[in-house]
Amino acid sequence: MAQQPYPPAQPYPPAQQYPPAQQYPPAQQPYPVQPEAKPYAQPAAQPYAPPPVAPLGVVASVASPHTYWVSDECACCSDAGLCCDVCFCAPCVAARVLSATQGKRNDANPCCAFGLTVLWYFWPWATGTGTACCLRSTVRSKYNIPGNHCSDFCWSLCCWPCVLCQVHKQMQYENLDPGHCCCAHAPARVVRPGTEPTGQVQPGYPARY
């Protein structure tokens, strides 16, 4: 029996076309290495410096960051002796307050008092207004009291004797008592804490030094 021939081989289908390989993004850069934190170094302690001492004859006054008038403008009659001093010898009171603003306690300041007396004789109200305005502005600026030059001038123009009493009491409170002339005396007073010198008695003002 004759062998039949094999059928011809079937051709293979064409190879399947695959899409091109996907391009991946480049690898990220590594994070920078943080430097190591240095150990905390405690600052060295500062040496203690004693507070400055005021020279002999001058009393240092400590002003607070913010303060107010210790006496109202209309409270001039609360101290009858001081009120009489201002009415009968205003130049002396103004000269004493001026010395107190310069750090001198119970200083009569005779040269200034004589000059103010001459001016008061010729121009009483103008001299009183100008002197009271200048003293009030000086004390207000020295102790950081709220206000302005306009209020100083208005109060001095309306009643300069009241302003002189007010600044006199304020200097007493700052432990820089200007002292008194004739009618008033040295009453016990309340002073700002921290302004009283060591070894000094608080009531009244001490002898002049």
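**Exercise 1. Confidence and layout**

*Solution.* Some ground rules come before the numbers. This is a predicted model, so local features need pLDDT of at least 70 and side-chain atom pairs count only at pLDDT 80 or more, while totals for chains, interfaces and linings use all residues. Residues are numbered from 1 along each chain as its sequence is written, and side-chain values use heavy atoms, with hydrogens and water left out.

- Step 1: pLDDT is the predictor's confidence in each residue, from 0 to 100.
- Step 2: For the chain, the mean pLDDT is 75, with 72% of residues at 70 or more.
- Step 3: Check residues 197-209, where pLDDT stays under 50 although the model has 32 contacts there beyond four places in sequence. Contact here means heavy atoms within 4.5 Å. Where pLDDT is low, the predicted coordinates should not be read in detail.
- Step 4: Count the elements: five helices and zero strands. Both are DSSP runs numbered from the N terminus (helices H or I, at least four residues; strands E, at least two).

**Exercise 2. The span of α5**

Work out how the span of helix α5 compares with that of a straight helix.

*Solution.* 

- Step 1: The expected span is 1.5 Å times one less than the number of residues.
- Step 2: At cysteine 159, α5 bends by about 120 degrees, and proline 161 follows within four residues.
- Step 3: Inspect both ends. At the start of α5, a side-chain oxygen of asparagine 148 comes within 3.2 Å of the backbone nitrogen of cysteine 150. Just after α5, asparagine 175 has a positive phi of about 60 degrees.

**Exercise 3. The charged network**

How many salt bridges does a search of the whole structure find?

*Solution.* 

- Step 1: Apply the cut-off: a side-chain nitrogen of Lys or Arg within 4 Å of a carboxyl oxygen of Asp or Glu. The search finds two.
- Step 2: One joins aspartate 152 and arginine 136, at 2.5 Å from N to O. Aspartate 152 is in α5 and arginine 136 in α4, so this pair ties together parts 16 residues apart in sequence.
- Step 3: Arginine 140 also pairs with aspartate 152, with the closest N and O atoms 2.9 Å apart. Arginine 140 lies in α4, so this pair ties together parts 12 residues apart in sequence.
- Step 4: Put together, Arg136, Arg140 and Asp152 form a network of salt bridges.
- Step 5: Check burial (buried is under 20% relative accessible area, exposed over 50%, partly exposed in between; 1.4 Å probe, protein chains only). Aspartate 152 is buried at 0%, arginine 136 is buried at 3%, and arginine 140 is buried too.

**Exercise 4. Two serines**

Is serine 71 buried or exposed, and which residues does serine 71 touch?

*Solution.* 

- Step 1: Serine 71, in the segment before α1, is buried at 9% relative accessible area.
- Step 2: Leaving out residues up to four places away in sequence, serine 71 touches Gln166 and Lys169. Serine 71 and lysine 169 are 98 residues apart in sequence, yet 6.7 Å apart from C-alpha to C-alpha.
- Step 3: Now try serine 137, found in α4. Serine 137 is buried at 12% and, with residues up to four places away left out, touches His149 and Asp152.

Methods. Bend = angle between axes of the 7 residues up to and from the residue. Polar contact = N/O pair within 3.5 Å; in protein donor to acceptor, adjacent residues only side chain to side chain.
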